[in-house]
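Open the model in your viewer and keep the selection panel at hand. The tour takes the ligand, then a helix pair, then a sheet.

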Amino acid sequence: MNQDELKALVGKKAVDWIKPDMIVGLGTGSTVKFMVDELGRRVNEEGLNVIGVTTSIRTKKQAESLGITIKDVDDVDHIDLTIDGADEISDDFQGIKGGGAALLFEKIVATKSKKNIWIVDESKLSKNIGSFPLPVEVIPYGSGTVLENFKQKGLNPKFRINEDGSLLKTDSGNYIIDLHLQEIKQPHELAEYLIHQVGVVEHGLFLDLVNTVIVGTQNGPQVLEAR
Ligand SMILES: O=C[C@H](O)[C@H](O)[C@H](O)COP(=O)(O)O
């Protein structure tokens, strides 16, 4: 199976965790896209009744086009379960997210959820996180100064750009600075530093949020539970 087929496998499998009448957080990305397609199928063909809370404009458009009922995160008093992708996951289930620039809404939805599940192909697992560049969402005003401060601290920052060379903007109109670190040995310390920098809106370290990961492997979907 190629990477897309592994993503499709876990995307489809993850819908088994969604029970009738749940309020479900719908993540963002190429793996989640398969999950939302399957959820749409079950809603339409099996009459599964759910409310979705989306984490990006992309996912909202897809879910609505499939007839899934969507509510704003502020219009629900809880979220039962969120299913999302991830860019890298360590042995102890700490993650990097935001490769698709949706980290801010994703973290808002994840922290409101009673349970979070990540769906990934096996290439996303590593002993320690950090080989995937860590996204940091910053407001445009003063973002050059934030980048300079990160440089001084040795964090190897780079603005994320579009194919045409312009700065990428998130759904909230912010920029992304990616930190090319190779390895993050102390994610909690780094998270604490980043969130306190003026101009930083959010970062892609998702720590202590997930205890179930569904991994697409050549032998089928494998469910990992935190010990
Ligand atoms: O900003 C995007 C999200 O954090 C995605 O969930 C993450 O990048 C994984 O995406 P994909 O399933 O496309 O690899």
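Select helix H2 (30-46) and helix H4 (103-112) together with the ligand. Each of these two helices supplies at least two residues of the shell around the ligand. Keep in mind that this is a predicted model.

Now show the whole shell. The ligand is surrounded by 17 residues, and the closest are Gly29, Thr31, Gly85, Gly99 and Gly100. Colour the shell by class: 9 residues are polar, 4 are nonpolar and 4 are charged.

How far apart are the axes of H1 and H2? They lie 7 Å apart, and the helices pack at an angle of about 45°. The crossing of H1 past H2 is right-handed.

Show side chains at this contact. From H1, pick Lys7, Ala8, Val10, Gly11, Lys12 and Ala14. From H2, pick Ser30, Thr31, Val32, Phe34, Met35 and Glu38. Together these contact residues comprise 6 nonpolar, 3 polar and 3 charged.

Next, select the sheet. It is open, with 3 strands in the order E5-E6-E12 and antiparallel pairing. Strand E5 (88-89) and strand E12 (205-206) are the edges; each has a single partner strand, so one side of each is left without a neighbour in the sheet.

Finish on strand E6 (residues 95-96). E6 and E12 run antiparallel and are joined by 2 bridges. Click glycine 95: its bridge partner in E12 is phenylalanine 206.

Definitions and conventions: Residues numbered from 1 in each chain as written. Predicted model: local features only at pLDDT ≥ 70, side-chain atom pairs only at ≥ 80, totals over all residues. Pairing = 2+ DSSP bridges. Helix = DSSP H or I, 4+ residues; strand = E, 2+ residues; numbered from the N terminus. Near = placed C-beta within 6 Å. Nonpolar A, V, L, I, M, F, W, Y, C, P; charged D, E, K, R; others polar. Axes fitted to C-alpha atoms, helices over the stretch in contact; angles between N-to-C directions. Left-handed = near helix turned anticlockwise from the far one by under 90°. Contact = placed C-beta atoms within 7 Å.
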